[in-house]
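Work through the exercises below with the model open. Each task is followed by a solution in steps.

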Amino acid sequence: MKFTLHEIKLWFKNDFSESKSYEFLPNKVNVITGNATTGKSSFWSIIDYCLLSGKVNLPNTIYEKALWFGIRFTINDKEISIIRKAPEKGTPASDLIFKEGGFPDNFEIKTPIEEAKTFLDNEFGITDALRFPYGNEFGKSSLNISYRHFLLFNALTETVIGAPETYFDTIFFGKEEYENALSHIFDLVIGVNDLENIKALERLKEIENDLKKIQSQNKSNETKEKNFGVNVNRLLDKCKEYNFVEFDYYSETTEEALDTIQEVIENTKQKASNSNLFLELDILNKDRSRIQGQINAVTQYQREYDLYRRNLNKSADSLQPIEFLNKNLSDQLVNSYETKLFLDSLQISLYNIKSSLTKKVTEPVKVDGDVKELKDQLKSINDKIEDLTKIQKSYLAEGQKFIVLGEIKNAYEQLLKREVAKPIDAVKLNRLSEEKDRLSKVPGETSQIKYTMRTFLNECIQRNFDLLKSLPAYKDSKLDFNTEKMILQLIPKGQLFPLDNVGSKSNYMFMHLCVYLGLHEHMINIQQDHVPQFLFIDQPSIPYYASDNQKGNDDKTKLLDAFTLLNSFIEYINKTKKQSFQIFMVEHASKDYWIENNLSYFHTVDEFNDGKGLIPQNIYNN
């Protein structure tokens, strides 16, 4: 991606102090050189801060003196100025001025940070096509990518330039987030759309889950239908057991069995009308009891009346001698008043009894006729009861059937209330299966592309490494960037395996330079549009400076070799590749290195010597 840094500018809190600008040239190795502790390394922190970092990497001795920091650059042929207010107490400021063109004179018009980030995302090629590799309907990948992730490849910081096992300064940007994103972002910048691969794998998991749900639903449907069929057949067997259905009846389908059960229920309902049998039998039993009671009452009356008549006859017979005495032997009886009174009393009693016996008494009921009629009624009732009892014995079995039928009816209704199996979406199933087949090929295709792109990257790294003269012990060695460990590995000629240790910090510095230069060369070759064609390098001379700040001749030779590599890289990109590239380097070494050795692509921006630094001395000391 085309990018040129034109200017870094600082505005200070002191109203009487002028702003300070540092200007940079395109297609050059722009160098700010000078002593330690002059603020050289803070230049990258200023660039990062103005590119809307969420953390402050600037030392407080710098941001406490400044009021605003600004950068002016060209990105994809658009000149942009970003001015951001200095942090306060280590907290990034939200006040931002973002505009096309040069720095403004008026700082009153502010721009929301999110608006500026959206603009930069678009310029860094972070579009919906990248975020949603398979379309918006499938969502974006789990990697929330930002233009800031790509800045990892624009800064070879002091922290990593000589480190054996660290090539990208994720700590500077935010270790956890950038560590997690590094391998994916790296694949993306070398030409492997890893976001597509990530989303393909994510989508495959989604598809697998959807297919499992459909398969589970289908299995559940089959189980429900099987259980339903089993329950229907059990109900049909119960119908057979109670002779509602012929024992040898066979239904070919569950629906046919259901129809048969329904028919049994409907037909047997008609027989249930015979339930009035029990009511009729109960009425007859009550009538029989009532008539039997009447017969018993009349019979009792007849018995008592007959007993009464018999007792009268007996009394009359017992008084017959009194009548004989009065007629025949009255002269022989004791003629006294008491005797005469007693005999007269007996005579009167006999007379009364005979009178009662001779009278025709009207019976209170027609005994003979009533009893006969009642007995006829009782016989009729008994006959009916006998007939109904015979029916009842049969009906008791039928009643049991009705109970079973009620159970069958209830079970039948419960079966009909079952949860209806939801049919699977066959169209969706076919679509997901086809999509799965297509996406399953993506990891394999991605793996092949990744191998190819990694080979091209290694060729670019190797081209730069072969230009070095300071590593004679490793001449003709093969370089391989291990994308799993994210480190460059050196395989000496004639060996199969890479070295675990390549020696001094100087050797690792050269390997880091080769990685970054080779990576940018490769990205230019494939016309990658996410990473700016710009590189910040923080002090390649670090391995050669002792505590007394002196270097030996061998160290000078090696450092010159490093500078020559940078110079040749700019020339190669400009002349051979016909592309632009810019390097911004801060360095201890003096400008004599590139001036005396005719490194024509080097440009000295400023020298921080004799008390001079990023913050002018008069402001810094205030």
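**Exercise 1.** Decide whether Asn30 is buried or exposed in this predicted model, then find what surrounds Asn30.

*Solution.* 
- Step 1. Take the relative accessibility of Asn30: the value is 0%.
- Step 2. Apply the cut-off. Buried means under 20% relative accessible area, so Asn30 counts as buried.
- Step 3. Asn30 sits in strand β3, residues 29-34.
- Step 4. List the contacts, leaving out residues up to four places away in sequence. Asn30 touches Phe24, Leu25, Gln582, Ile583, Phe584, Met585, His603 and Val605.
- Step 5. Check one pair. Asn30 and Phe584 lie 554 residues apart in sequence, yet their C-alpha atoms are 4.7 Å apart in space.
- Step 6. Turn to the protein. Among contacts with a separation of 6 or more, 72% are between residues 24 or more positions apart.

**Exercise 2.** Give the strand order of the open five-stranded sheet and name its edge strands.

*Solution.* 
- Step 1. Read the order: β2-β1-β4-β5-β6, with antiparallel pairing.
- Step 2. Look for strands that pair on one side only. These are β2 (20-23) and β6 (96-100), the edge strands.
- Step 3. From one strand to the next, the average is 15°.

**Exercise 3.** Trace the pairings of β4 within the sheet.

*Solution.* 
- Step 1. Start with β1. Nine bridges join β1 to β4, and the two run antiparallel. Leu5 has Phe73 of β4 as its bridge partner.
- Step 2. Go on to β5. Strand β4 (residues 66-75) is joined to β5 (residues 78-85) by eight bridges, also antiparallel.
- Step 3. Find partners across this pair. Trp68 stands opposite Lys85. Gly70 has Ile83 as its bridge partner.
- Step 4. Inspect the hairpin of β4 and β5. Two residues lie between the strands, and Asn76 takes a positive phi near 50°.
- Step 5. In β4, eight of ten residues are buried.

**Exercise 4.** Which strands does helix α1 touch, and how many of its residues are buried?

*Solution.* 
- Step 1. Locate the packing. Helix α1 (residues 42-50) packs on the sheet and touches β1 (3-12), β2, β4 and β5.
- Step 2. Compare directions. That of α1 makes about 80° with that of β4.
- Step 3. Count the covered residues. In α1, nine of nine are buried, including Phe43, Trp44, Asp48 and Tyr49.
- Step 4. Look past the helix end. Leu52 follows α1 and has a positive phi near 70°.

**Exercise 5.** Describe the largest cavity by volume and lining.

*Solution.* 
- Step 1. Two cavities have 30 Å³ or more.
- Step 2. Take the largest one. Its volume is about 50 Å³.
- Step 3. List the lining: Phe3, Trp44, Ile47, Leu51, Leu151, Asn154, Pro532 and Phe534.
- Step 4. Sort by type. Seven are nonpolar, one is polar and none is charged.

**Exercise 6.** Classify His522 as buried or exposed, and name its contacts.

*Solution.* 
- Step 1. Read the relative accessible area. The value is 1%, so His522 is buried.
- Step 2. List contacts beyond four places in sequence. His522 touches Ile190, Met453, Phe456, Leu457 and Cys460.
- Step 3. Of 622 residues, 43% count as buried.

Note on methods:
Residues are numbered from 1 along each chain as its sequence is written. This is a predicted model: local features need pLDDT of at least 70, side-chain atom pairs count only at pLDDT 80 or more; totals for chains, interfaces and linings use all residues. Side-chain values use heavy atoms; hydrogens and water are left out. On a 1 Å grid over the protein atoms alone, a cavity is a set of points where a 1.4 Å probe fits but cannot get out, and a pocket is an open set with protein on both sides within 12 Å along at least five of seven lines; lining residues have an atom within 4 Å of a point. Grid points are joined across faces, edges and corners, and a volume is the space filled by probe spheres set on the points. Ala, Val, Leu, Ile, Met, Phe, Trp, Tyr, Cys and Pro count as nonpolar, Asp, Glu, Lys and Arg as charged, and the others, Gly among them, as polar. Two strands pair if DSSP finds at least two bridges between them. Helices (H or I, at least four residues) and strands (E, at least two) are DSSP runs, numbered from the N terminus. Axes are lines fitted to C-alpha atoms, for helices over the stretch in contact, and angles run from 0 to 180 degrees between N-to-C directions. Contact means heavy atoms within 4.5 Å. Buried means under 20% relative accessible area, exposed over 50%, partly exposed in between (1.4 Å probe, protein chains only).
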